[in-house]
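Here are my notes on this one, in the order I'd go through them with you. Have the viewer open while you read.

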Amino acid sequence: MDDDSRGARDLARATQPRTAVTGPGSAANPPVAHPWQRWGWVMGGVWLVFLAFPVAGVVDSGASRPRVVAGVALFVLFAVVYLHGFQAMGRARSEREVVRGGLAHLGVLVAICVVIHALVGSASVGGGPYLVALAMFVLPMWAAVGLTVVVVGLTLWLTSVSSELADTWYLPGIVILVAVVTAVVRTIERRSILHDELAAELTVSAERDRLARDVHDVVGHTLTAMSLKADVAERLVAADPERARREIAEVAALSRQALAEVRAAVGGIRSARLDDEIASAARVLAAAGITAQLPEDLTVVDPRHRVVLAWVLREAVTNVVRHSGASVCRVALGPSSLTVEDDGRGPSGLREGNGLRGVRERVDAAGGVLRVADAAPGTRLEVTL
């Protein structure tokens with residue numbers, strides 16, 4: 001389907017009720033109707049005031065009283081069907097329903113205009129702009145434009161052959177103006193729908209990235225600690241069974257902690273604490289046989305930056321343990337900065353993995369700068385917020 005034929009589909013999508021998001025364990029909320037579904041008919045109905053002019057033409061047509069009464073009644077019916085067409089469009093659930101209902105209402109409106117013309121003559125031309133307006137919202141664009149051309153042609157013909165319409169040369173212009181205005185409104189509505197869809201997709205993508213980043217940080221760090229402690233326990237089984245049991249107990253505790261953290265990350269409530277990450281870094285580095293030089297005074301850090309720096313510290317220590325081959329790791333904190341330095345093999349030749357990429361995204365989102373440099377020997381990671 002090309003761009004010009006998507007309007008009805010987009011409008012149908014806009015008129016579908018939106019269901020509110022519910023929290024875990026809560027009852028489902030009732031669907032929330034899109035504003036177009038409830039009030040879209042107002043945009044079409046507000047212009048019905050201009051039916052007063054063709055109705056006045058019926059009254060002044062000089063036809064018999066029964067014909068005049070019938071003509072006025074038919075224009076009232078025309079207005080009712082026209083409004084009902086917009087309301088039916090608001091209740092539609094699919095493009096097919098919009099088009100099918102729109103064609104039905106347009107057919108009835110055309111039939112009413114034909115009967116009015118048979119009863120009282122050229123006053124029926126007053127229904128033309130309303131046919132075009134409804135068509136622009138319920139038909140594919142090509143069909144709406146085709147109907148507009150037909151209505152403009154008939155209006156031109158009627159104004160040229162009818163003495164009663166001799167002074168109404170502007171009627172075709174009114175029909176064209178209505179077509180242009182409604183086409184613009186339809187285009188804006190469609191663009192609004194597409195914008196909402198894109199925004200929703202971006203929100204889902206951002207949430208997916210957040211979840212992947214949090215799970216990577218949580219699982220990567222904790223599994224590294226569990227692996228190191230399991231290795232220590234394996235080496236101590238024969239030499240020091242009591243310490244081996246303690247290491248195995250810590251592995252079990254870490255696994256329970258990892259499970260809780262993954263659940264929290266999935267729920268979107270995971271938040272790192274700087275003091276916890278300092279204590280965790282001490283344990284992980286000790287288990288890896290790396291001497292840790294860690295800060296003791298954490299009050300120096302601006303409270304606004306502690307969560308971000310805690311996540312950075314977690315990933316930086318994990319990388320030191322996994323990749324550096326270092327014997328010493330030094331951590332320094334400032335009011336809005338963190339430095340993690342080791343004496344290992346250095347960063348040359350290493351590719352930026354998912355963990356470091358996730359850290360960079362967190363730092364960028366906080367308006368900070370991440371630098372990874374060669375410490376000669378070793379690697380220095382610096383974050384400034």
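Which residues form a nonpolar patch on the surface?

1. The patch. Keep in mind throughout that this is a predicted model. The surface patch is made up of Val 46, Trp 47, Val 49, Phe 50 and Phe 53, and together these nonpolar residues have about 570 Å² of accessible area. Phe 50 is a handy one to click on: you'll find it in the loop between helix 2 (35-45) and helix 3 (52-59). Its relative accessibility is 43%, so Phe 50 counts as partly exposed.

2. The largest core. Going inside, the largest nonpolar core has 39 residues, and Phe 78 and Tyr 82 are the ones with the most contacts within it.

3. Helix 4. This helix runs for 27 residues, and the distance from its first C-alpha to its last is 39 Å, close to the 39 Å expected at 1.5 Å a residue. Its buried residues include Phe 78 and Tyr 82, along with Phe 75, Val 81 and Phe 86. Glycines turn up in the buried set as well, including Gly 71, Gly 85 and Gly 90.

4. Seven salt bridges come up in a search of the whole structure. One to look at pairs Glu 277 with Arg 314, where the closest N and O atoms are 3.2 Å apart. Glu 277 sits in helix 10 (residues 274-287) and Arg 314 in helix 11 (residues 306-324), so the pair ties together parts that are 37 residues apart in sequence. Are these two buried or exposed? Both Glu 277 and Arg 314 are buried.

5. Within it, the side chains of Arg 273 and Asp 275 meet at 3.0 Å, N to O. With a relative accessible area of 35%, Asp 275 is partly exposed.

6. One more pair. Arg 304 makes a salt bridge with Asp 302, with 2.7 Å between the closest N and O atoms. Where does Arg 304 fall, buried or exposed? At 67% relative accessibility, Arg 304 counts as exposed, whereas Glu 277 and Arg 314 are both buried.

Terms used: Residues are numbered from 1 along each chain as its sequence is written. This is a predicted model: local features need pLDDT of at least 70, side-chain atom pairs count only at pLDDT 80 or more; totals for chains, interfaces and linings use all residues. Side-chain values use heavy atoms; hydrogens and water are left out. A nonpolar core is a set of buried Ala, Val, Leu, Ile, Met, Phe, Trp, Tyr and Cys residues joined through side-chain atoms within 4.5 Å. Buried means under 20% relative accessible area, exposed over 50%, partly exposed in between (1.4 Å probe, protein chains only). Patches are made of residues with over 30% relative accessible area and no salt bridge: like charges are joined within 9 Å, nonpolar side chains (Val, Leu, Ile, Met, Phe, Trp, Tyr) within 5 Å. Accessible areas come from the Shrake-Rupley method with a 1.4 Å probe; for residues, only the protein chains shown count as cover. A salt bridge is a side-chain nitrogen of Lys or Arg within 4 Å of a carboxyl oxygen of Asp or Glu. Helices (H or I, at least four residues) and strands (E, at least two) are DSSP runs, numbered from the N terminus. The expected span of a helix is 1.5 Å times one less than its number of residues.
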